[in-house]
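Please examine the sequence and the three-dimensional structure shown here. The explanation that accompanies them is intended for a reader new to this structure.

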Amino acid sequence: GGGGGGGDGTGIIMLNADIALVRDFTDDFNEVTGEVDCSFQFDNNNACPFAQMTFQFMAEFRLNNAVWVQAFRDVLTKMLEFGYSTAGGCDAASAPCILAPTGM
């Protein structure tokens with residue numbers, strides 16, 4: 001499998017949740033074991049496809065940490081000030097789940 005775990009000897013550990021911001025596991029995720037059957041790296045024939053909804057943001061954040069820090073601060077501040085709601089029907093079948101701010 002290609003899911004996180006750092007088993008490649010690089011010392012880098014990434015969770016499936018981290019990698020899923022860049023790669024799409026839709027067709028390669030084993031719900032029983034939690035393993036992913038595609039690879040993060042594009043150096044083989046079994047690479048996971050890009051995550052269309054989030055890849056552009058992740059590329060920008062990777063190249064500019066200040067942009068990530070500002071976006072994280074803004075979202076965390078909104079969540080702490082206004083709260084959030086999952087009333088929009090967020091459940092395991094509706095991934096990705098989009099949380100809606102409340103009280104704004």
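The paragraphs below proceed from the chain as a whole to individual residues.

This is a predicted model, in which local features need pLDDT of at least 70 and side-chain atom pairs count only at pLDDT 80 or more, while totals for chains, interfaces and linings use all residues. Residues are numbered from 1 along each chain as its sequence is written, and side-chain values use heavy atoms, with hydrogens and water left out.

The chain contains three helices and two strands. Here helices (H or I, at least four residues) and strands (E, at least two) are DSSP runs, numbered from the N terminus. Read from the N terminus, the order of the elements is α-α-α-β-β. Of the 104 residues in the chain, 12% are buried; buried means under 20% relative accessible area, exposed over 50%, and partly exposed in between, with a 1.4 Å probe and protein chains only. The chain exposes about 8000 Å², of which carbon and sulfur atoms supply 57%. Such areas come from the Shrake-Rupley method with a 1.4 Å probe, and for residues only the protein chains shown count as cover. Among contacts (heavy atoms within 4.5 Å) with a separation of 6 or more, 35% join residues 24 or more positions apart.

D28 is buried yet has no salt bridge, and R23, the nearest side chain of opposite charge, is 9.9 Å away. In this count Lys and Arg are positive and Asp and Glu negative, whereas His and the chain ends are not counted. Leaving out residues up to four places away in sequence, D28 touches E35, V36, D37, C38 and P49. R23 counts as buried because its relative accessibility is 7%. Beyond its neighbours within four places in sequence, R23 is in contact with F40, F42, C48, P49, F50, A51 and F55.

Side chains of opposite charge can pair when their charged atoms come close. A salt bridge requires a side-chain nitrogen of Lys or Arg within 4 Å of a carboxyl oxygen of Asp or Glu, and by this rule the count comes to one. The side chains of R73 and D74 form it, at 2.9 Å from N to O. R73 is partly exposed at 47% relative accessible area, and D74 is partly exposed at 32%.

Aromatic rings supply another theme. Rings of Phe, Tyr and Trp (its six-membered ring) pair if their centres lie within 6.5 Å; planes under 30 degrees apart count as stacked, over 60 as edge-to-face and the rest as tilted. The whole structure has two aromatic pairs. The ring centres of F50 and F55 are 4.2 Å apart and their planes stand at 55 degrees, so this pair is tilted. W68 and F72 form a stacked pair, with 5.1 Å from centre to centre and 15 degrees between the planes. W68 and F72 are separated by about one helical turn because they are four residues apart in helix α3.

F72 lies in helix α3, which covers residues 65-82. W68, V69, F72, L76 and L80 make a nonpolar surface patch of about 490 Å². Patches consist of residues with over 30% relative accessible area and no salt bridge, like charges being joined within 9 Å and nonpolar side chains (Val, Leu, Ile, Met, Phe, Trp, Tyr) within 5 Å.
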